[in-house]
Amino acid sequence: MHLVVCAKQIPDPDTPPSAFKIDEATNSVVPAPGISPILSQFDGIAAEAALRIKESQGDDSKVTVISMGADSARAAIKQVLAMGADEGVLLNDEAFEGGDSYTTAKVLAAAINHLGDVDAVFCGRQAADWDMGQVGLLLSEELNWASAIIAKGVEYGDGNISVQRVLTDGFETVSTQLPAVVTVSNEFGEPRYPKLPQIMAAAKKTVTQLGASDLGLDPSDVGASGSRLKVERLYIPETDSNVEFMEGDTPQEQAAALVQKLQADKLI
Amino acid sequence: MAQNILVIGELDGGAASTTTLELLAGASSLSDGGTVGVTLLGAGASSAAASCIGATVAYVNDDSEYDSFRGDQWLNAIAGAVESSSPDVVLIAQSIVGREIGPRLSHRLGTAVAMDCVSISNEGGATKATRPCFGGNAMATYGFETSPAIATVRAKSFEILESGSGPASTEELPGAGESRTVIIATEEATSEGLQIQDAPVVVCGGRGLGEAEAFGQIEEIAAAIGVDKAAVGASRAAVDLGWYPPSQQVGLTGKVVTPDLYLAVAVSGASQHMAGCSGSKTIVGINRDEEANIWSFSRYGIIGDYKQVVPALIEELKKAAGN
């Protein structure tokens, strides 16, 4: 089996709000000093799901990790390689820059077609930067494959993939034929943490770099020029920060003061 | 400028869901005199259509095959409603339906979708969609290069219309066709009693509690306020650690709640969490960290260790209830 993991490098979502800055002129996030970008956490979980299937299938199975991004995205690829993926592909081209979810899916689909023999693609349920959660589904539409989203469990057998999906109030197990795209949620569990020998081994694994011409893409169809959705304004919302702290020498006094306030406001 | 809007509705126990009614209220004001269509699929759809205040036309099919959501079956039916209503804007709830239909419909119509929006505006016929991003640290306003503009909308972004007329006409959509997806099993994981989305008070525990057992005290706070009034929530960190069931998770990847009172105990107030509760009327924090992000959203706060504050609070709440 050939499984693909789509991995995105993003600004660390645990960046403290005080260090989170926006350049309103370019509608972009200013990298916080001293905080390295990371592999989007949901993509790490997607990699875990793919690796578990590979391990259940034996030696002739392969996991390829694909990332579209700048040269720095090699770090995200290396992380998934250290987890146990076999090969990496970096989709790096000026033409890809400034795109939306649609153009991202278009480039990823072209890369998956380029690989040729892919049985299933695993994505995080959403990237933890723009939080859109649509590239996996757009990819399944581009490829005309089945899809199952927001998985907390994934199993493979007899040419079918069965996915336990998270619903608003419960779970649902669905089965679909391959090839398929699966998006994986945090309910799946924590991804494995690579140890030093695996990180060393990952450094030796192949990472192929591909651009628009390698994939047969017209540069005007991708990136900013192919985008259908434009960010017109990116800003930090103002928060209401007139907090009133309860005074008192003991927790009992503070609690009593709070209960009084809540009663006065008719909240309890 | 008038716009035609199509709302992809959902049924909840045979009636139009709350979010469907919210979307119709939003659609009604956005349409500026254009048509407002609503699609309803599944058992009870035709009769539920009458309650859709704000809609001018309903597109329905009562096939119970639609009751379990399968994206490919729904998309085929929705395509019929799109063709018939020529919408400028399509609105869908940010539910399991919207998360799948939004992107797939956008691709099939050669257009784009903005996911998880909190406001939609009609600026002289151009649709603008605003949504939180970067885990709630930022907001982005989007414009569309293609038509129709499609948006999935977060729960409680619009207020339901209390009065008005329902659809003047109804059109029949096709019944469910084949699906590539087979549903093998479903498992309900609803909590008993009051649901967190409906509760006027939500008491929420976070990672700072340090242990699963501490949720017993969070439940005691809710009980002291009243079981008919207060429900218990948990942050994603607490749920991921297995301290509380996923059905109670509040936040970006959990539920959105807008109670009158949101009491956050040992919750740091990460943007991803606040995305699920910042619409609450009054937020109160109990946290030992003077620098915690929760204070940026709070009306009242107690700085202190919850292990001391919570027992005192439970006692004071019980006293107050006794008066």
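How many Å apart do the C-alpha centres of domain 1 and domain 2 of chain A lie? They lie 48 Å apart. To see this, select 2-226 of chain A for domain 1 and 243-268 for domain 2; the bounds come from an automatic or database domain assignment.

Before you go on: this is a predicted model, where local features need pLDDT of at least 70, side-chain atom pairs count only at pLDDT 80 or more, and totals for chains, interfaces and linings use all residues. Residues are numbered from 1 along each chain as its sequence is written, while chains are lettered from A and ligands numbered from 1 in the order in which they are written.

Next, pick 229-235 of chain A, which is strand S14. (Strands are DSSP runs of E with at least two residues, helices are runs of H or I with at least four, and both are numbered from the N terminus.) Here 4 strands make an open, antiparallel sheet in the order S14(A)-S10(B)-S9(B)-S8(B); two strands pair if DSSP finds at least two bridges between them. S14(A) and strand S8 (119-123) of chain B are the edge strands, each pairing on one side only.

Look for A:Tyr235 opposite B:Met139.

Last stop: helix H3 of chain B, residues 71-85. Which of its residues are buried (20 or more other C-beta atoms, placed from the backbone, within 10 Å of their own)? Among them are B:Trp74, B:Ile78 and B:Val82.

Technical notes:
The expected span of a helix is 1.5 Å times one less than its number of residues. A residue is buried if 20 or more other C-beta atoms lie within 10 Å of its own, exposed if 12 or fewer, and partly exposed in between; C-beta atoms are placed from the backbone.
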